Amino acid sequence: MIEKLQPIFSILPQVKSPEHRISFKEKLKWTGIILVLYFLLIQIPLYGLSPIAVDQFAQLRAVIAGSFGSILTLGIGPIVSASIVLQLLVGGKILNLDLSKHEDKAMFQGAQKLLAIIFTLFEAMVLVFTGAISPISSEYIWILILQMTIGGFLIIFLDEVVSKWGFGSGVGLFIAASVSQEIIVGSFNIFSSPTQPGVPAGKIPAFIYSLTTGTPNFDYLGPVIAVIIVFLIVVYAESMRVEIPLSSGRVKGARGKYPLRFIYASNMPVILASALLLNVQLFANIFQKIGYPILGTISNGQAVSGIAYLLTPPRSLDMIFTEPIHVLVYGIVFIAICVLFAVLWVELSNIGPKAVAKQLHQMGMQIPGFRSSRRQFEKILKKYIPAITVLGGAFVGLLAFGADLTGALGGGTGVLLTVGIVYRLYEEIAQEQLMDMHPMLRKFLGD
């Protein structure tokens, strides 16, 4: 069925893939350029937006890397929503695609881009027509939709530039940039708080100000300490791994280890789970607008009852005692979704036992003490990869959920994602720099 869309995929605008190996400096340059463009775009306000508009998705804003009131209000939401739909379709065998094949992978990427474009227009229209993005007057409705659609298209192609010409992915880069900005501003902003005139908006300046008044308020430091704790836990978890000993059948005496990270599916399950819950809020708005609030009711831009409310991230430790059902339901659902997406992501990213076994066997590697065969590799990897996939997915879900409860700056989920993204970005940059210095290493690794 998806093959019939091939003519549409071919006419979609796309970023040209590099025809040569990109150097370290060139990748760094493109990554920096896209980052600067992102920060410039979030400063462009939506023309015609009502000054009393409320950000309904403020709790998930850092995760979708959007800036409310700018042309990037949608952020990476459409891209991630498209990825969720396709992962479920491929994982459920509704779409029969083998992503280890170049043709099927190109088909998947084309479908994802087309779906992301559709979601961009759909989400822009939903936000405006449900009142989540309210215009000054009815004359500005389509102007607002057009502006957000343009912003969504720009994010799609900026992400593609980073994926092909830079380090990591645009999705990760934009999340890290958005959350880092929120942490820095939330920690060090010296300007007066709109809710407490005369008191600095930043947590650290506010605490210093409380010391000068003779009534130190240590509550200001809570969100800052929570960020540090989440940072340390994620860095420690990223360093946890199972190492499988390897030897080369081609080079005598050559030995090494194949590391299986504890957080094997990286932080993608959390991104996808957060985006899925965002879409629950979005559809709750739609159903309420047409008079059937089956997912719950929305008031003043916030879910106040029903499924939509139960799936709203809790942001305070006090809620454990005041709203235990809300906290328990959200925690169980969120962690379960993270595990599901971890399993799907591993299979779709070709890092499952079968794909890794094929890769190691083609490289001429073998496990000391075992016969060198692809089937033997797969049998051994099946003992580890499925288990750490589930455990890693549950761990990042639990950590994100717990960090959200602490009220950490940038949102607990946002901090978790940012630390993981920056950690992996650092590893990729270090590896790329090493390969630039030692070209023979690139040949050895088959890059």
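Me: How much space lies in the largest cavity?
Reply: About 100 Å³. A cavity here is a set of points, on a 1 Å grid over the protein atoms alone, where a 1.4 Å probe fits but cannot get out, and its volume is the space filled by probe spheres on those points, joined across faces, edges and corners. This is a predicted model, where local features need pLDDT of at least 70 and side-chain atom pairs pLDDT 80 or more, while totals for chains, interfaces and linings use all residues. Numbering runs from 1 along each chain as its sequence is written, and side-chain values use heavy atoms, without hydrogens or water.

Me: How many cavities of 30 Å³ or more does the structure hold?
Reply: Four.

Me: Back to the largest cavity, what lines it?
Reply: F57, R61, I64, T73, L74, E123, L127, L278, N279 and L282, each with an atom within 4 Å of a point. Six are nonpolar, two polar and two charged (Ala, Val, Leu, Ile, Met, Phe, Trp, Tyr, Cys and Pro are nonpolar; Asp, Glu, Lys and Arg charged; others, including Gly, polar).

Me: Which element gives the largest share of that lining?
Reply: α9, with three residues. Both α4 (102-129) and α9 (268-289) give two or more; helices are DSSP runs of H or I, at least four residues, numbered from the N terminus.

Methods. 1 Å grid on protein atoms, 1.4 Å probe; cavity = no way out; pocket = protein on both sides within 12 Å on 5 of 7 lines; lining within 4 Å.
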